[in-house]
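Colleague: I am new to this structure and would like to learn how to read it, one feature at a time. Could you show it to me before we begin?

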Amino acid sequence: MTPEQQHHIRASLNLMSSLAYQNAKEKGFHDIDEQCRPVDNYARWTVNLHGEVSELWEAARRNSLLKPCDKHSEMCEQFHDSLTNEEEEMADIIIRVLDMAKACHVDIGRAVILKHLYNASRPHMHGKLA
């Protein structure tokens with residue numbers, strides 16, 4: 001990954017993090033953050049993230065990953081496009097993480113790039129069995 005690619009990826013992820021947080025804040029998902037201990041905020045945020053991961057797993061179990069998501073008609077009407085269950089749940093997972101990153105003042109762009117570079121330097125399967 002070139003330094004220029006790293007810069008663009010970092011800026012893009014941090015911009016999406018800001019946008020995800022701002023939207024969540026406007027929709028009330030951060031209304032009680034300041035009244036709660038950090039551990040309680042993390043509990044709430046990770047439970048919501050876990051819920052999105054579980055929804056992806058349930059779509060896989062139901063063999064409905066490639067079927068239109070439950071917001072298909074509304075999305076088509078509004079955006080002339082829609083998502084599969086797989087796409088929607090993966091997007092929800094990423095959006096939740098980006099929102100959390102901004103709420104916690106994490107430079108998620110930097111973190112993702114550094115972790116990716118580290119992972120790229122590791123051996124095949126990191127020495128683990130499949």
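Colleague: Is valine 97 buried, partly exposed or exposed, and what is its relative accessible area?

Modeller: The general idea is a scale of relative accessible area, on which buried means under 20%, exposed means over 50% and partly exposed lies in between, with a 1.4 Å probe and protein chains only. Valine 97 has a relative accessible area of 32%, so the residue is partly exposed. Its place is in helix H4, and its C-alpha atom is separated by 9.6 Å from that of tyrosine 21, a residue 76 positions away along the chain.

Colleague: What should I keep in mind about the model and its numbering?

Modeller: This is a predicted model, in which local features need pLDDT of at least 70 and side-chain atom pairs count only at pLDDT 80 or more, while totals for chains, interfaces and linings use all residues. Residues are numbered from 1 along each chain as its sequence is written, and side-chain values use heavy atoms, with hydrogens and water left out.

Colleague: How many helices and strands does the protein have?

Modeller: Helices (H or I, at least four residues) and strands (E, at least two) are DSSP runs, numbered from the N terminus. Here the secondary structure comes to 5 helices and 0 strands, and the order from the N terminus on is α-α-α-α-α. The C-alpha trace spans about 45 × 40 × 30 Å along its principal axes, and of the 130 residues 23% are buried.

Colleague: How does the span of H1 compare with what its 24 residues should give?

Modeller: The expected span of a helix is 1.5 Å times one less than its number of residues. For the 24 residues of H1 this should be 34 Å, and because the end C-alpha atoms are 34 Å apart, the two values agree. After H1 comes glycine 28, whose phi is positive, near 95°.

Colleague: At what angle do the axes of H1 and H4 cross?

Modeller: Axes are lines fitted to C-alpha atoms, for helices over the stretch in contact, and angles run from 0 to 180 degrees between N-to-C directions. The axes of H1 (residues 3–26) and H4 (residues 85–103) come within 7 Å and cross at roughly 90°. Angles under 35 degrees count as roughly parallel, over 145 as roughly antiparallel, 65 to 115 as roughly perpendicular and the rest as oblique, and H1 and H4 are therefore roughly perpendicular to each other.

Colleague: Which residues of H1 and H4 meet?

Modeller: Contact means heavy atoms within 4.5 Å. On the H1 side the meeting residues include Leu13, Met16, Ser17 and Tyr21, and on the H4 side they include Ile95, Leu98, Asp99 and Lys102. The residues of this contact divide into 9 nonpolar, 2 polar and 2 charged, where Ala, Val, Leu, Ile, Met, Phe, Trp, Tyr, Cys and Pro count as nonpolar, Asp, Glu, Lys and Arg as charged, and the others, Gly among them, as polar. In H1, Ser17, Ala20, Tyr21 and Ala24 are buried, and the buried residues of H1 pack against H4 and helix H5 (108–120).

Colleague: What does tryptophan 45 touch beyond its sequence neighbours?

Modeller: Not counting residues up to four places away in sequence, tryptophan 45 touches His30, Asp33, Met100, Ala103 and Cys104. Tryptophan 45 lies in helix H2 (residues 38–61) and counts as buried because its relative accessibility is 8%. Its C-alpha atom and that of methionine 100, 55 residues apart along the chain, are separated by 6.9 Å. Asparagine 85, found in helix H4, is also buried, with a relative accessible area of 11%.
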